[in-house]
Amino acid sequence: MRTALLQSSGRPGSVVENFKVLDAAAARAAAAGAALLATPEMFLTGYAIGEGIGRLAEPADGDWADAVADIAGRHGLAIVYGYPERTDAAVHNSAQLISADGTRLANYRKTHLFGCFERDHFAPGDRPVVQAELNGLTVGLLICYDVEFPENVRAHALAGTDLLVVPTAQLHPYQFVAESLVPVRAFENQMYVAYVNRVGTEGEFEFVGLTTLAGPDGIARARAGRAEELVVADADPGFLAASRRANPYLRDRRPGLYRPIT
């Protein structure tokens with residue numbers, strides 16, 4: 001499945017402008033043959049918007065979902081987007097997958113909140129594995145810091161995730177996560193990992209870019225630099241199946257030995 005990753009600074013605080021960016025990116029992704037477009041963490045609003053998070057947050061089935069569904073339908077591709085989600089009880093840092101026909105396929109709430117900023121503005125989610133079927137692949141969702149916990153990605157591997165999409169707001173000086181950790185996660189769990197980052201600065205935060213799609217062989221199929229960019233690469237189910245047959249990690253596990261660490 002051809003996958004497009006939108007590395008963008010977004011337009012912090014301007015949902016209208018971010019929808020324009022999304023629409024333009026969807027047109028470019030569709031022209032490149034992509035069946036899926038993924039955006040960074042908190043793409044629709046910007047990340048470092050402080051109290052604006054609570055003011056702007058919307059429910060998963062709100063107007064934003066309808067607007068994304070319209071873009072997905074007009075361009076004929078599925079979209080994963082990051083946004084602040086309002087529920088009756090709290091605001092979550094969320095990512096939602098909407099299909100090319102406008103169906104809401106999956107909604108994930110970030111389970112591991114990073115730093116005081118996130119803990120002050122969001123409640124953590126409590127579902128570690130959220131998945132949906134798309135174009136013959138099982139697509140899973142995590143957000144940024146979540147992928148740095150090996151337990152999260154292994155849970156997806158055991159649940160059959162083929163392509164793990166990770167909207168991200170990765171900060172300087174932690175670029176080693178994109179450069180090294182994400183390809184290792186893909187290799188040790190035998191899946192594709194799409195890590196989609198922000199760029200530029202927002203307030204005190206400097207985002208490092210380096211968006212990547214890593215394959216189950218630990219090799220990046222596409223990697224962005226440090227500027228706004230749309231990168232496109234394939235998540236090949238045939239290569240994934242062959243890699244899983246050759247790689248013994250999941251078969252050679254001994255879960256009984258691991259109980260003391262959980």
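Q: How many salt bridges does the count come to in this structure?
A: Side chains of opposite charge can pair when their charged atoms come close. A salt bridge here is a side-chain nitrogen of Lys or Arg within 4 Å of a carboxyl oxygen of Asp or Glu, and by this rule the count comes to 12 salt bridges. The model is a predicted one, in which local features need pLDDT of at least 70 and side-chain atom pairs count only at pLDDT 80 or more, while totals for chains, interfaces and linings use all residues. Residues are numbered from 1 along each chain as its sequence is written, and side-chain values use heavy atoms, with hydrogens and water left out.

Q: Are arginine 2 and aspartate 234 buried or exposed, or in between?
A: The terms rest on relative accessible area: buried means under 20%, exposed over 50%, and partly exposed in between (1.4 Å probe, protein chains only). Arginine 2 is partly exposed because its relative accessible area is 35%, and aspartate 234, at 34%, also counts as partly exposed.

Q: Where in the chain are glutamate 85 and arginine 109?
A: Glutamate 85 forms a salt bridge with arginine 109, and the closest N and O atoms are 2.8 Å apart. This pair links distant parts of the chain, with glutamate 85 in strand S3 (residues 78–86) and arginine 109 in strand S5 (residues 104–109), 24 residues apart. Glutamate 85 is buried, with a relative accessible area of 2%, whereas arginine 109 counts as partly exposed at 32%.

Q: Which residue forms a salt bridge with glutamate 118, and what does glutamate 118 touch?
A: Contact means heavy atoms within 4.5 Å. Glutamate 118 has its place in helix H4 (residues 115–121), and lysine 110 forms a salt bridge with glutamate 118, the closest N and O atoms being 2.9 Å apart. Lysine 110 is buried, with a relative accessible area of 0%, and glutamate 118 counts as buried because its relative accessibility is 1%. If residues up to four places away in sequence are not counted, glutamate 118 touches Glu41, Tyr47, Asn93, Lys110, His112 and Leu113.

Q: Which residues are linked in a network of salt bridges?
A: Asp23, Asp70 and Arg74 are linked in such a network.

Q: How do helix H1 and helix H3 pack?
A: Axes are lines fitted to C-alpha atoms, for helices over the stretch in contact, and angles run from 0 to 180 degrees between N-to-C directions. Angles under 35 degrees count as roughly parallel, over 145 as roughly antiparallel, 65 to 115 as roughly perpendicular and the rest as oblique. Helix H1 (residues 15–31) and helix H3 (residues 63–75) pack at an angle of about 25 degrees, with their axes 9 Å apart, and H1 and H3 are therefore roughly parallel to each other. The contact is made by Val15, Phe19, Leu22, Asp23, Ala26, Ala27 and Ala30 of H1 and by Trp64, Ala67, Val68, Ile71, Arg74 and His75 of H3.

Q: At what angle do the axes of helix H5 and helix H6 cross?
A: The axes of helix H5 (residues 150–158) and helix H6 (residues 176–189) come within 10 Å and cross at roughly 40 degrees, and H5 and H6 are therefore oblique to each other. In this pair, Pro150, Val153, Arg154 and Ala157 in H5 meet Arg185, Glu188 and Asn189 in H6.

Q: How many disulfides does a search of the whole structure find?
A: A disulfide is a pair of cysteine sulfur atoms within 2.5 Å, and a search of the whole structure finds zero. Cysteine 116 is in no disulfide, and the nearest cysteine sulfur, that of cysteine 144, is 16 Å away, which is too far for a bond. Cysteine 116 counts as exposed at 56% relative accessibility, whereas cysteine 144 is buried, with a relative accessible area of 7%.

Key
Helix = DSSP H or I, 4+ residues; strand = E, 2+ residues; numbered from the N terminus.
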